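Q: Could you take a close look at one chain of this model for me? I'd like one connected account, with the cut-offs spelled out as you go.

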Amino acid sequence: MNKFAIITDSTSDLTPEIRKARDIDYARMMVSWTDVKDKKDHEIFASLDWEVYSQHEYFNLLRDGNRLITSQVTEQEFDRVFGIYLEKGMDVLYISCSSALSASVHLAERLAKEKYSKKYPNQRVVCVDSLIACFGEGLVALAAADLRDQGKTIDETAAWLNEHKLEYNQIATVETLDYLKRAGRVKASKAFFGNIFGVKPMLISDAVGNNFAFEKQKGRRNALIRIATFVKENVINPEEQVCYVSQADASQEDVKLLVDKIKELVPQFKAIEIIPFGPIIGATTGPGTMGAFFRGKKVTVVGDN
Amino acid sequence: MILKKLTGQQFKELTTYGARNLRANFEEVDNLNVFPVPDGDTGTNMCRTIENGVNTIANNSSEVIGDVGKELSSGMLLGARGNSGVILSQIYRGICKGLKGKEEVSAKELASAYELGVKQAYGAVVTPVEGTILTVFREATEAAVKAINDDSTINDFYEAHLKQAIKSLAQTKELLPVLKEADVIDSGGAGYVYIVKGICKFLNGEKIEASSIESEVASSEGSAPIAIDFSAFGPDDVITFGYCTEFILRLQNSKVDIEHFDIKTIIDILEGDIIKGDSIVALQDESIVKVHVHTKDPGKVLDMMRQFGEFLTIKVENMSLQHNESISDEDLAKKRNRQHVKYAVVAVAQGNGIKEQFEAFGVDYVIGGGQTMNPSTEDFIHAFKELDADNIIVFPNNKNIVMAAKQAAKLYKGAHIEVIMSTSIPQCYSALTMLDFTSDDLTLILGNFNEAIRNVDTGEITKSIRNTKVHGVIIMKGDYIGILNGKIVTANKNRNIVLTNLLKKIKNIKDKQVVTLIYGKDIKETDKPKTVETLNKKFPQLEVGAIDGGQSVYDLLIAVE
């Protein structure tokens, strides 16, 4: 039986440190834009190492008014990253961004069937649609790493993930609705947002993998506090896990407020770790987006359009 | 005339006189406003409340006082608007309960009926405040009850009633500190005194002519004449939308049996193959028929209608030129597109900007009105009827409107109605921004609204129309005054200083996060950026947003959350 590599993509928000510690790799999506300042076209990999643009510089591109266009993982990129492990004779477990947000998983599935199975007939590429993005996807990948550590096979691991992936919860909010409106990725009726000033949507990843504004709060602080109460209401066995707080170049006060509130409401967490909100989802939710990711009650709600 | 007993027709007459006398003096009552702001409306509200009752009984020819009372009561109940109007309607409801089943009443029986009026009015108000119409009516009734005996006449009763009412009215100033400080008497009490004066004039044989103001007021509520752009229909254009045709027809006895006339006869013709009308609204009230129809051949409509009666008014408009459809038309179109829903929302709004905003938030029916134009109980019921919903949630925007809304909620049986206690436009606005029925849990939904409202501080900025002192603030004519949660807290020549001071007066301003400014129709476009700038500078922690409300009187309405 082959050893298997765990590979996610740019929306998983896994930091270099975590990826190294847990031996996880990722396939990079793309970001492109025509810069409002130099008027030139730019295209970069959506890197989770922030080596081209720091997170602050990257979100400033949005603040400057740039429209960042994100695109799924290319065939070339899959060839590159899967190839590294397939060439070593390993199997590949690809844990993808929610298929409701990106078509990457569909491409990977097709390539696995039509290309890699022919080129590497004795090896497998197994795809798991995480039905979530951001660090929620990251958490699914970390769960895979745990199972691999326990000696589970690629099929056992994939089966477990498919059964349990909806237990990984996202609760997030944006600082302003402007970026979301630009992107149109959130499923919620027009009336829900309207042109409402000061209203913050509370975003979960629903049971079919969409970002769903299930509730709204008035004011930034109320929205951050709601993240913490949501964690408290939905977490299961906090003492066995780390809560990840993700922030898109948010202010230190906001980060502290959220972390302190979660600590206050759920002191049992092993730790609360602050991680950078990634470039892909961040391009649509904008600077100031904050979220918490944890394992808890299975998500059953499906947002309406 | 001296009346030993009061009959149905006499009761009708004297109530009509009460209404007429109030109509003749309503502006004076409107001006009895504690705040130096030209938006008092107590006189208007009470007037329209009692007039709705009087109009209802205009054609009632019964001599039986109980019968007249019953109709009067329901007419006033439906017409009630404003706090004083609602209280007045409850006063009469109580009185008319006392008249129930009676053919005519003696002074003593009338006195008992008035005592029921006191009970009914106090029972209807959640926290009765002394120094208002309630006090005036109660004390006047108590005095009249004491003053009469078995031999007393109706005249004796009303004379005693009036005498004490005048005395009590003068004392309202002593009972309510806010009245004393502003040196005004209670407006609702004053309105009531005019009604009783009118009653006494009738009994003394004085004449009060029906005023023409009534019809003027009624017509001024419609939209102002709109400039029509004739170029929208040129020499080569073909009539596609037809004509919006409206008329009022007086059914003629020589042509039809009015008593058994069925409005359906008219509707069938309008819907039929010859006229092919749509957007039909046809209503009959005894011999009066009001019709609204869209048709390509208004001539035929008019021809065919004359078989039933003659026209009182006719209006025909080419719809290609119409930019503003009449209200009934628009409403009808909306209703046609309405499907049954679990939750519907009715809100009250004044100013086009606010109306549009509310509709964008998902409000299903916006009733026009607010501080200076309180919708009546009937207006609310009309709105409820337009909606097809299990639950209707109502957002008033003034404390003067809450009672009429609640009265309507009680009277309407077609849906479960909840009246939210939003008593200012900013409160209403803020609650509506949180409109969200996702949870499908009424308790939770209402809880969220109430929570949103609790969290709002309401600011209002307007110009003073006189020198005065209110809530300890000395105000010069022409000053901007800042009203925080219904209290005048600051005044200054500079509007932005008033705005800043107003916000500083909010106790927990440090905990506030969002400020929404609602610009009135008179604030200059060039002043707007500076207003926002001022707040950004003075209160950097606040998110400041602004919308064009278009409301009158108040340059700025402010929701601080």
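A: **A close look at chain B**

Among the contacts in chain B between residues at least 6 apart in sequence, 69% join residues at least 24 apart; two residues are in contact if their C-beta atoms, placed from the backbone, lie within 7 Å. Please keep in mind that this is a predicted model, in which local features need pLDDT of at least 70 and side-chain atom pairs count only at pLDDT 80 or more, while totals for chains, interfaces and linings use all residues. Residues are numbered from 1 along each chain as its sequence is written, and chains are lettered from A and ligands numbered from 1 in the order in which they are written.

Let's begin with the overall build. Chain B holds 20 helices and 18 strands, where helices (H or I, at least four residues) and strands (E, at least two) are DSSP runs numbered from the N terminus. Its C-alpha atoms fill a box of roughly 75 × 75 × 45 Å along the principal axes. For 561 residues, a compact globule would have a radius of gyration near 24 Å, and the 26 Å of chain B agrees with that; the radius is taken over C-alpha atoms, and the globule rule is 2.2 Å times the number of residues to the power 0.38. Of the 561 residues in chain B, 47% are buried. Here buried means that 20 or more other C-beta atoms lie within 10 Å of the residue's own, exposed means 12 or fewer, and partly exposed is in between, with C-beta atoms placed from the backbone.

Next come the domains, whose bounds come from an automatic or database domain assignment. Chain B is divided into domain 1 (5-209), domain 2 (240-318), domain 3 (335-454) and domain 4 (457-560). Taken over C-alpha atoms, the centres of domain 1 and domain 2 of chain B are separated by 39 Å.

Because 16 of its 17 residues are buried, H9(B) is largely enclosed by the rest of the structure. At 1.5 Å a residue, H9(B) should span 24 Å, and its end C-alpha atoms are 25 Å apart, which agrees; the expected span is 1.5 Å times one less than the number of residues. Just after this helix, Gly205(B) takes a positive phi of about 80°.

Now turn to helix H19 of chain B (residues 495-504), where you will find Thr500(B). Thr500(B) has 19 other C-beta atoms within 10 Å, so it is partly exposed. Apart from neighbours within four places in sequence, Thr500(B) is in contact with Thr534(B) and Lys538(B). By contrast, 54 Å separate the C-alpha atoms of Thr500(B) and Gly234(B), which are 266 residues apart along the chain.

Finally, there is the partner chain. The contact between the chains takes 14 residues from chain B and 16 residues from chain A. On the chain B side, helix H14 (352-361), strand S16 (514-520) and strand S17 (543-551) each supply at least two residues. By class, that side has 5 nonpolar, 6 polar and 3 charged residues, with Ala, Val, Leu, Ile, Met, Phe, Trp, Tyr, Cys and Pro counted as nonpolar, Asp, Glu, Lys and Arg as charged, and the others, Gly among them, as polar. As for chain A itself, its secondary structure comes to 11 helices and 13 strands.
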